Amino acid sequence: MRARASRGVIIASTLLSAACGNEPASQSTSRSAAQVVITHAEEDSAIHLNEDMVRDLRISTATVVERPGAGEVAALGEVAADQARYAEVAPPTSGQVVRVLVETNGSVDRGTPLAQLRSTDLGRARADLLSTEARRDLARQALDRKRTLAAERIVAAREVQEAEATFRAADAEVRAATAALQALGIPSDDSATPSDDSSLFYLRSPIAGRVLDRHAVLGQFAEPSAHLFTIADLNRVWVMAQVFERDAVNVTPGSTAHVTLAALPGQEFDGRVALVGRQVDPGSRTVPVRIELANPAGTLRPGMSASSRLEVMNQSRTILAVPAAALQRVGERWLAFIPRAQYEYEMRPVGRGRDLGNDVEVVSGLQAGETVVVEGAFLLKAQAEKRAGGGDEH
């Protein structure tokens with residue numbers, strides 16, 4: 001142990017006022033002595049406490065242990081619908097809702113009518129198609145007649161050519177009217193559409209599943225930009241987990257994931273990692289990982305919060321671990337506090353690795369067998385932050 005005379009110390013003291021009595025200066029000084037003593041620049045990594053401060057902190061320690069490499073990483077996320085079995089259904093053209101045919105949570109098949117709407121654009125397009133088809137039919141009949149008369153040498157070949165040109169023009173108009181109707185996204189041969197009102201059409205489900213949301217209301221004027229129904233097949237769902245970047249590099253597609261949900265305590269669901277994101281979120285420093293889960297009973301619902309344990313491949317190495325509370329973040333670095341001489345603690349920068357439940361991996365700065373402060377580390381961190389900010393350490 002180094003002699004205290006070798007240390008330069010800063011001691012903050014407060015003298016009692018004379019109005020409080022004529023006590024000896026030594027007693028006044030001892031009662032108001034600083035609880036924390038910090039070394040000068042040559043010992044910037046050390047924090048000194050007196051006996052009273054150590055007792056108040058209730059400091060406990062733990063040993064840095066060596067353990068097999070963690071085979072799992074933990075991540076939080078939430079349940080989401082499988083996007084390959086999910087649809088937000090909006091009308092293909094503007095229209096007014098005249099009937100709503102399904103309710104929330106209702107089961108639908110692909111092609112099931114969800115609502116009936118009236119669209120003036122659709123009515124006009126259908127009328128144009130009927131009109132052009134009628135003109136084409138008339139032109140075809142005229143052409144057939146001219147050809148018959150020409151064969152009997154009653155009319156000239158020129159009249160046949162004119163009839164052919166008229167028919168081709170009428171046929172082109174039909175194709176244009178058909179394309180205009182198709183651009184509205186509504187089949188021209190919708191058998192469920194009443195023939196006496198060409199402005200009506202049915203909004204149909206593009207997939208089989210359940211109605212998760214219904215926004216359609218009678219009389220509502222709906223635009224293509226706003227979806228009226230949300231449909232999903234929840235026999236298989238996703239869990240979108242947010243994995244810290246330091247852990248994501250060890251997660252591979254195809255690995256097993258174990259998922260628990262706050263809404264379903266005591267139950268665990270096994271799935272597989274289907275996708276590991278390629279971009280780190282700059283705010284949370286996490287990478288999205290998609291887990292696919294079978295959900296035949298429909299127990300899992302979109303929006304549920306989930307905790308995941310992802311199995312990590314090829315983890316045969318050993319790692320160092322300490323209790324999570326032993327590492328404290330000060331500024332841009334993580335610190336561990338190492339007991340040295342009596343009431344003296346070294347501030348040691350360390351590299352923090354993966355979360356291991358109640359423990360955390362240490363990738364640099366500590367060695368197996370070293371002792372670190374656990375309980376009391378947070379208050380030591382506060383003193384370290386005061387020092388970093390140049391504040392009063394008392």
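A search of the whole structure finds zero aromatic pairs. Such a pair would need rings of Phe, Tyr or Trp (its six-membered ring) with centres within 6.5 Å; planes under 30 degrees apart count as stacked, over 60 as edge-to-face and the rest as tilted. The model is predicted: local features need pLDDT of at least 70, side-chain atom pairs count only at pLDDT 80 or more, and totals for chains, interfaces and linings use all residues. Residues are numbered from 1 along each chain as its sequence is written, and side-chain values use heavy atoms, with hydrogens and water left out.

Charges do sit over rings. The cut-off is NZ of Lys or CZ of Arg within 6 Å of the ring centre and within 35 degrees of the ring normal. Arg-246 places its charged end over the ring of Phe-244, 4.9 Å from the centre. Arg-352 lies over the face of Trp-334, at 4.8 Å from the ring centre.

Now the helices. Helices (H or I, at least four residues) and strands (E, at least two) are DSSP runs, numbered from the N terminus. H3 (120–151) has 32 residues and reaches 47 Å from first C-alpha to last, close to the expected 46 Å. The expected span is 1.5 Å times one less than the number of residues. At its start, a side-chain oxygen of Ser-119 comes to within 3.4 Å of the backbone nitrogen of Asp-121. Just after H3, Arg-153 has a positive phi of about 60°.

The buried residues of H3 include Leu-122, Arg-126 and Arg-136. Buried means under 20% relative accessible area, exposed over 50%, partly exposed in between (1.4 Å probe, protein chains only). The buried residues of H3 pack against H4 and strand S10 (200–204); contact means heavy atoms within 4.5 Å. In H4 (157–183), Phe-167 and Asp-171 are among the buried residues. The buried residues of H4 pack against H3.

Gln-116 lies in strand S9 (113–118). Gln-116 counts as buried because its relative accessibility is 5%.

Next, the nonpolar cores. A core is a set of buried Ala, Val, Leu, Ile, Met, Phe, Trp, Tyr and Cys residues joined through side-chain atoms within 4.5 Å. The largest has 28 residues; Leu-261, Ile-291, Leu-293, Leu-300 and Leu-310 touch the most other members. Strands supplying at least two residues each include S5 (72–81), S14 (236–244) and S17 (286–294). Apart from this core lies another, of 25 residues, among them Leu-122, Ala-125, Ala-222 and Ile-231.

Conventions
A polar contact is a pair of N or O atoms within 3.5 Å; within protein, one must be able to donate a hydrogen and the other to accept it, and residues adjacent in sequence count only if both atoms are side-chain atoms.
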